[in-house]
Amino acid sequence: MNKIMDLPVLYSLRNCPFAMRARIAIYKSQQPVLLRDLVLSDKPSEMLVASPKGTVPVIVTEKGIVIEESFEVMLWALTQGDPDDLLFTDTPELLDKMLILIYQFDSEFKRCLENYKCAKRYSESNIDECRQACEKYIHQLEQLLDGQDYLMANRESLADIALLPFIRQFARVERQWYLQSPYPNVRAWLNRYLQSKMFSKVMTKYPLWLDGKQDVMFGG
């Protein structure tokens, strides 16, 4: 029991793409954590004490260190364990390339994606323009996937799991358009993830933590 109580605590929201990629990295790292699923309209006081900004994901390590940015949570997880070598430790030049790609999508693509989602939600007249702004980045991924199964090489990397939740969101905005779009490599890459055991585990629906304050063991 003491060992369980000493595990890091992860505050998460099931469908939040930022929390999703943190859970994926934790799952891949095989690092066990205590998962506390929540809704943002009812934030636990325990989380707000640790991270007053009130967004997910938040990790509180067994040493009391608080990590509250999704990419930092991913790096933390993979420094605990990286059995699939997602950080490409033997090829640091590829690590540099994936960090540049992730930063580009985090700083640029996400803004375009939010505009695209809003245009669809509110039936705005500029939806084609918003989609085309996203397509610049989707086309980049299509080219990276030409001749290989993953973004950096023929095996999975940190870049794949960091971008996955946001490409999933893009694919869901205009589903019929996406299915007929000129991005077969991106579709194959995304489908491989969505149909995987890993994704099923990461997206398991657990009881909300505040309903009974029962921690769920995740990862490991």
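**Charged pairs**

I looked up lysine 110 and found it buried, at 12% relative accessibility. This is a predicted model, so I take the numbers as computed from it. Lysine 110 pairs with aspartate 106 in a salt bridge, with 2.7 Å between the closest N and O atoms. Both residues sit in helix α5, four residues apart, which is about one turn of the helix. Aspartate 106 comes out partly exposed, with a relative accessibility of 27%. I also noted that Arg21 joins in: Arg21, Asp106 and Lys110 form a network of salt bridges.

How many salt bridges does the structure hold? I get ten.

Next I took arginine 36, which has a salt bridge to aspartate 215 at 2.7 Å, N to O. Arginine 36 is in strand β2 (residues 33-37) and aspartate 215 is in the loop between α11 (209-212) and β5 (216-218), so this pair ties together parts 179 residues apart in sequence. Arginine 36 is buried, at 13% relative accessibility. Aspartate 215 is partly exposed at 29%.

Then came arginine 155 with aspartate 85, a salt bridge at 3.1 Å, N to O. This pair also links distant parts of the chain, 70 residues apart: arginine 155 is in the loop between α6 (127-144) and α7 (158-173), and aspartate 85 is in the loop between α4 (70-80) and α5 (92-121). Which side of the pair is buried? Aspartate 85 is, with a relative accessible area of 18%, whereas arginine 155 is partly exposed at 35%.

**Cysteines**

I searched the whole structure for disulfides and got zero. Cysteine 16 is in none, and the nearest cysteine sulfur, in cysteine 118, is 15 Å away. Cysteine 16 is buried, at 13% relative accessibility. Cysteine 118 itself is partly exposed, at 27% relative accessibility.

**Helix α6**

Cysteine 130 took me on to α6, where it is one of the buried residues. The helix has 18 residues and reaches 26 Å from its first C-alpha to its last, close to the 26 Å expected at 1.5 Å a residue. I did find a kink of about 30°, centred on glutamate 135. Glutamate 135 is itself on the buried list for α6, which also includes Ile127, Arg131, Cys134, Tyr137, Ile138, Leu141 and Glu142. What covers these buried residues? The cover includes α5, α7, α8 (175-179) and α9 (184-194).

**Serine 157**

Last entry: serine 157, in the loop between α6 and α7. Arginine 155 is in that loop as well. Is serine 157 buried or exposed? Buried, at 0% relative accessibility. A polar atom of the serine 157 side chain lies 3.2 Å from the backbone nitrogen of alanine 159. Leaving out residues up to four places away in sequence, serine 157 touches Leu86, Phe88, Met98 and Met152.

Note on methods
Residues are numbered from 1 along each chain as its sequence is written. This is a predicted model: local features need pLDDT of at least 70, side-chain atom pairs count only at pLDDT 80 or more; totals for chains, interfaces and linings use all residues. Side-chain values use heavy atoms; hydrogens and water are left out. A salt bridge is a side-chain nitrogen of Lys or Arg within 4 Å of a carboxyl oxygen of Asp or Glu. Helices (H or I, at least four residues) and strands (E, at least two) are DSSP runs, numbered from the N terminus. Buried means under 20% relative accessible area, exposed over 50%, partly exposed in between (1.4 Å probe, protein chains only). A disulfide is a pair of cysteine sulfur atoms within 2.5 Å. The expected span of a helix is 1.5 Å times one less than its number of residues. The bend at a residue is the angle between axes fitted to the seven residues ending there and the seven starting there. Contact means heavy atoms within 4.5 Å. A polar contact is a pair of N or O atoms within 3.5 Å; within protein, one must be able to donate a hydrogen and the other to accept it, and residues adjacent in sequence count only if both atoms are side-chain atoms.
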